[in-house]
Amino acid sequence: SEFSSTMRASILVLAAVAAVVTAKAIEQVLECPQCTPKIDVKASVMEAYKKHRAHVAVIGDYGDCPVTYAGYTWDVNWGDGDEYKKHQDPMGPYQADHTYAKKGKYPVEVSLCAHQPGCADGCSTYKGTINVKP
């Protein structure tokens, strides 16, 4: 009888611990929704023009993020050590201009991320090469 009451107590403690762990896991999923927005590459533009200037105009799509999601970040890496970031709520298009120090070919990368502090980001990337003109 003593063994069975010790065993019952142990089972109750384990059940309580499991309930807390499960509740924390559910809370983390609810606090950190995993989704990845997409960049509509067919509707987006990445181009260079006179006087060492370049432009990106990108269109975001919700991807698997709910329409009500808030917390997007656009990031443009211009390939010359310069980078632009913009936090945007709600989802929308993004445009950025850049002036290079000299002509040449530069790899440009644009990322759109669903971002919540303390959570992993879900990101899509649009890459290209810009031929900067004098």
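**Asp 75 and its sheet**

Biologist: Where is Asp 75 found?
Modeller: In this predicted model, Asp 75 is found in strand 5, which covers residues 72-77.

Biologist: Is that Asp 75 buried or exposed, and what is the nearest side chain of opposite charge?
Modeller: Asp 75 is buried. The nearest side chain of opposite charge is Lys 85, 4.1 Å away. A salt bridge needs the nitrogen and the carboxyl oxygen within 4 Å, and Asp 75 has no salt bridge.

Biologist: What else does Asp 75 touch?
Modeller: Leaving aside residues up to four places away in sequence, Asp 75 touches Glu 83, Tyr 84, Lys 85, Glu 109, Val 110 and Ser 111.

Biologist: Which strands do those belong to?
Modeller: Strand 6 is residues 83-88, and strand 8 is residues 104-114.

Biologist: How many bridges join strand 5 to strand 6?
Modeller: There are 6, and the two strands run antiparallel.

Biologist: What sits between strand 5 and strand 6?
Modeller: They form a hairpin with 5 residues between them. Gly 79, in the turn, has a positive phi of about 80°.

Biologist: Changing topic, what is the strand order in the sheet?
Modeller: The order is 6-5-8-9, in an open sheet of 4 strands with antiparallel pairing. Strand 6 and strand 9 are the edge strands, each pairing on one side only. On average, neighbouring strands are turned by 15° against each other, direction ignored.

Biologist: And over how many bridges do strand 8 and strand 9 pair?
Modeller: Over 11 bridges, in the antiparallel sense. Pro 107 has Thr 129 as its bridge partner in strand 9.

Conventions. Residues are numbered from 1 along each chain as its sequence is written. This is a predicted model: local features need pLDDT of at least 70, side-chain atom pairs count only at pLDDT 80 or more; totals for chains, interfaces and linings use all residues. Side-chain values use heavy atoms; hydrogens and water are left out. Buried means under 20% relative accessible area, exposed over 50%, partly exposed in between (1.4 Å probe, protein chains only). Lys and Arg count as positive and Asp and Glu as negative; His and the chain ends are not counted. Contact means heavy atoms within 4.5 Å. Two strands pair if DSSP finds at least two bridges between them. Axes are lines fitted to C-alpha atoms, for helices over the stretch in contact, and angles run from 0 to 180 degrees between N-to-C directions.
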